[in-house]
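Please look over the chain shown below before reading on.

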Amino acid sequence: ALPSTAVAGADQTLCNVTTATLAATPLTSGTGAWTVVSGPGTIDAGQANNPNATVSNLSATTPTVFRWTTSNGVCATTNDDVTINVDALPTTAVAGADQTLCNVTVATLAATPVTSGMGTWTVVSGPGTVDAGQANNPNATVSNLSATTPTVFRWTTSNGVCATTNDDVTINVDAL
């Protein structure tokens, strides 16, 4: 009989893991086998014919493509690929020290640069604004500061499906 059509399951994007479980559709005819098409991942010992195989050695730097192939005797095989992507944890957000300035409307923020993921500045409260094109700059220029109301800026780090981290910095402006 013709083997069941290979359905490897949906691509997966995971956070900071080295192992995962594949999710091929179980077969009603023939046998299935997993192979690695590309990437550093491996199929755990004894799991090659398991539709829900456990895979290891996944990496946040290189996706792994696994192929589910179905066969039955001399009949033509079918196959389908699934890609496992792993996102690294984002750099922990560190917005820098609070600042108290004298009689200014513009300042420079000083977050720790992001080495994994992306950082983004937003305004939590107050009249200040992040200058255009500066939202992802750890040393962003901010404007519209006021001596009557402090502005709280938030530095948020994120990377794909991983949880975000954030830290706040307050800019106070003293009037002359």
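What follows describes a predicted model, section by section.

## The four-strand sheet

An open sheet with mixed pairing is built from four strands in the order S1-S7-S6-S3. Its edges are strand S1 (12-15) and strand S3 (31-38). Each of these has a single partner strand, so one side of each is left without a neighbour in the sheet. On average, neighbouring strands here are turned by 25 degrees against each other, direction ignored.

In general, the strands of a sheet pair through backbone hydrogen bonds, in either the parallel or the antiparallel sense. The pairing of S1 with S7 is parallel and runs over four bridges. Within this part of the sheet, Thr13 is found opposite Asn85 of S7.

## The three-strand sheet

A further open sheet contains three strands, ordered S2-S5-S4, and its pairing is antiparallel. Strand S2 (20-21) and strand S4 (42-43) are the edge strands. Both have a single partner strand, so one side of each lacks a neighbour in the sheet.

S2 and strand S5 (residues 54-56) run antiparallel and are joined by two bridges. Thr21 stands opposite Thr54, a residue of S5.

## The disulfide and other cysteines

How many disulfides does a search of the whole structure find? The search finds one disulfide. The bond connects Cys15 with Cys162, with an S to S distance of 2.0 Å. The link of Cys15 and Cys162 is right-handed, with 110 degrees about the S-S bond. Cys15 belongs to strand S1, while Cys162 sits in the loop between strand S13 (151-158) and strand S14 (165-174), so the pair ties together parts that are 147 residues apart in sequence.

The two ends of this bond fall into separate accessibility classes. Cys15 has 25% relative accessibility and therefore counts as partly exposed, whereas Cys162, at 5%, counts as buried. The cut-off for buried is under 20% relative accessible area.

Cys75 and Cys102 can be described in the same terms. Cys75 is partly exposed at 26% relative accessibility. Cys102 is also partly exposed, with a relative accessible area of 47%; the class of exposed residues begins over 50%.

## Gln99, a residue in strand S8

Gln99 is located in strand S8, which covers residues 99-102. Is Gln99 buried or exposed? Its relative accessible area is 17%, so Gln99 is buried.

A polar atom of the Gln99 side chain lies 3.0 Å from the backbone oxygen of Thr108.

## Val74, a residue in a loop

Val74 is found in the loop between strand S6 (64-71) and strand S7 (78-87). Its relative accessible area is 88%, so Val74 is exposed.

How far apart are the C-alpha atoms of Val74 and Val130? They are separated by 66 Å, while the two residues are 56 residues apart along the chain.

Conventions:
Residues numbered from 1 in each chain as written. Predicted model: local features only at pLDDT ≥ 70, side-chain atom pairs only at ≥ 80, totals over all residues. Heavy atoms only, no water. Pairing = 2+ DSSP bridges. Buried < 20%, exposed > 50% of the residue type's maximum accessible area, 1.4 Å probe, protein only. Polar contact = N/O pair within 3.5 Å; in protein donor to acceptor, adjacent residues only side chain to side chain. Axes fitted to C-alpha atoms, helices over the stretch in contact; angles between N-to-C directions. Disulfide = S-S within 2.5 Å.
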